[in-house]
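This briefing is meant to be read beside the sequence and the model.

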Amino acid sequence: QVQVVESGGGLVQPGGSLRLSCAASGNIFKIFNMRWYRQPPGKERELVASIFHLGSITYGDSVKGRFIISGDMAKNTVYLQMNSLKPEDTAVYYCNFYLETYSSDPPSDYWGQGTQVFVSS
């Protein structure tokens, strides 16, 4: 089927930067959008950034001006450049692909395993 693999998390000091990467592989026919979510400790998962099939991009209010999402739907990859990191950015970050496979199934969400980002001095 489809596999989604993330990388790039880790420990960073406040004000620092990290770049997350995510790639999907498998029986992929078409990607409709690619997203990054995060789940801070003890809180619900929240949407961080989205990139859509026609190229439009949106960000959550808490990351606007600091994070940059980019990707290549032809290569099934999405990135999240995180700058000016704050302790409140500490979370497990998940990438998400909403895509259609070559099977007869309708489009569905596929998730990465999550990567931990820890912002602390």
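Buried here means under 20% relative accessible area, exposed means over 50%, and partly exposed is in between. By that cut-off Tyr-37, at 17% relative accessibility, counts as buried. The model is a predicted one, and the points below should be read with that in mind.

**Aromatic pairs**

- The structure holds three aromatic pairs, and two of them are described here.
- In one of the pairs, the ring centres of Phe-29 and Tyr-102 are 5.2 Å apart with the planes at 65 degrees, so the arrangement is edge-to-face.
- This pair links distant parts of the chain, since Phe-29 belongs to strand 4 whereas Tyr-102 lies in the loop between strand 9 and strand 10 (108-111), 73 residues apart.
- Phe-29 is partly exposed, with a relative accessible area of 48%, while Tyr-102 is exposed, with a relative accessible area of 56%.
- Tyr-37 and Trp-111 form a tilted aromatic pair, with 5.0 Å from centre to centre and 55 degrees between the planes.
- This pair, too, links distant parts of the chain, with Tyr-37 in strand 4 and Trp-111 in strand 10, 74 residues apart; Trp-111 counts as partly exposed at 36% relative accessibility.

**Nonpolar core**

- The largest nonpolar core has 28 residues, and those with the most contacts inside it are Trp-36, Val-78, Leu-80, Met-82, Tyr-93 and Phe-97.
- Among the strands that each supply at least two residues of this core are strand 1 (2-7), strand 3 (18-26), strand 4 (28-39) and strand 8 (77-82), and strand 9 gives the most, with five residues.
- Leaving aside neighbours within four places in sequence, Tyr-93 is in contact with residues including Leu-20, Tyr-37, Val-48, Phe-67, Leu-80, Met-82 and Val-117.

**Sheet and hairpin**

- Four strands form an open sheet in the order 1-3-8-7, with antiparallel pairing.
- Strand 1 and strand 7 stand at the edges with a single partner strand each, so one side of each is left without a neighbour in the sheet; the twist averages 15 degrees from one strand to the next.
- Strand 7 and strand 8 run antiparallel and are joined by six bridges, with Ile-69 opposite Leu-80 and Gly-71 opposite Val-78.
- These two strands form a hairpin with four residues between them, and Asn-76 in the turn has a positive phi of about 60 degrees.

**Ser-50**

- Ser-50 has its place in strand 5 and is buried, with a relative accessible area of 1%.
- The side chain of Ser-50 makes a polar contact with the side chain of Arg-35 at 3.0 Å.
- Not counting residues up to four places away in sequence, Ser-50 touches Met-34, Arg-35, Ser-56, Ile-57, Thr-58 and Ile-69.

**Thr-90**

- Thr-90 lies in the loop between strand 8 and strand 9 and is buried, with a relative accessible area of 9%.
- The side chain of Thr-90 reaches the backbone oxygen of Pro-87 at 2.9 Å, and a polar atom of that side chain lies 2.9 Å from the backbone nitrogen of Val-119.
- Not counting residues up to four places away in sequence, Thr-90 touches Pro-40, Pro-41, Gln-116, Val-117, Phe-118 and Val-119.
- The C-alpha atoms of Thr-90 and Arg-38 are separated by 8.8 Å, although the two residues are 52 residues apart along the chain.

Note on methods
Residues numbered from 1 in each chain as written. Predicted model: local features only at pLDDT ≥ 70, side-chain atom pairs only at ≥ 80, totals over all residues. Heavy atoms only, no water. Core = buried A, V, L, I, M, F, W, Y, C linked by side-chain atoms within 4.5 Å. Buried < 20%, exposed > 50% of the residue type's maximum accessible area, 1.4 Å probe, protein only. Contact = heavy atoms within 4.5 Å. Pairing = 2+ DSSP bridges. Polar contact = N/O pair within 3.5 Å; in protein donor to acceptor, adjacent residues only side chain to side chain. Axes fitted to C-alpha atoms, helices over the stretch in contact; angles between N-to-C directions. Phe/Tyr/Trp six-rings, centres within 6.5 Å; stacked < 30°, edge-to-face > 60°.
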